Amino acid sequence: LCGKLVKESLRVVPKTVRQGGDSKQVVKESAHPYPHNVNSSETMSFKGAKKLIITFDSKTRTENGCDYVCFYKDDTNSEMWGEKYSGGKDGSSSNWPGLKGTPPLVIESNKFTLHFRTDGSVNDWGWKFTVKIITDEFDMTAIPLHEMATSLKYGLGSLSEGFGTQA
């Protein structure tokens, strides 16, 4: 057991670690089906978030290129996180984050402005996405090596003491 523990402690430490239980999820969706002639924006802010991860639901479909969702960095609508997302109607191509091999959209902020725009002719089911809110992330490389070594030495000492007292 001690050999396995030492071997595990010597492996390469990941640069970042996400601690369990410190993320929440929020779901946001359009009407189903969505209406014509929509031009809406909504700023969404998540207190304490370090990062937001956007993944769309597999039912998401809009008219390709004409009806779209985008995520602006702020309410000036001048810079986007990612690109304009649309498509999927009648099997058309689509670029929804988290679907069909497209990676989720990672927003390195605690907020974004959601913009939804549709034209006046064709519509479909609409969209639905989940925001995974990452609140606790730290850089393992920021921990001094001597602190890691001290923790490891303490842990191994506690284990060996425990084995010495067992019958």
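This is a chat about two residues, D67 and D124, in a predicted model.

Colleague: What should I know before I start?
Modeller: It's a predicted model, where local features need pLDDT of at least 70, side-chain atom pairs count only at pLDDT 80 or more, and totals for chains, interfaces and linings use all residues. Residues are numbered from 1 along each chain as its sequence is written, and side-chain values use heavy atoms, with hydrogens and water left out.

Colleague: OK, how many helices and strands does the protein chain have?
Modeller: Two helices and 10 strands. Those are DSSP runs numbered from the N terminus: H or I of at least four residues for helices, E of at least two for strands.

Colleague: Where's D67?
Modeller: In the loop between β4 (51-56) and β5 (68-72).

Colleague: Buried or exposed?
Modeller: D67 is buried, because its relative accessible area is 0%. Buried means under 20%, exposed over 50%, and partly exposed in between, using a 1.4 Å probe and protein chains only.

Colleague: What lies 2.8 Å from a polar atom of its side chain?
Modeller: The backbone nitrogen of D119.

Colleague: Switching to D124, where is that one?
Modeller: D124 sits in the loop between β8 (111-117) and β9 (128-134). D124 is buried too, at 12% relative accessible area.

Colleague: Which residues is D124 in contact with?
Modeller: Skipping neighbours within four places in sequence, they are P33, Y34, R61, T62, K89 and D90. Contact means heavy atoms within 4.5 Å.

Colleague: And how far apart are the C-alpha atoms of D67 and D124?
Modeller: They're separated by 9.4 Å, with the two residues 57 apart along the chain.

Methods:
A polar contact is a pair of N or O atoms within 3.5 Å; within protein, one must be able to donate a hydrogen and the other to accept it, and residues adjacent in sequence count only if both atoms are side-chain atoms.
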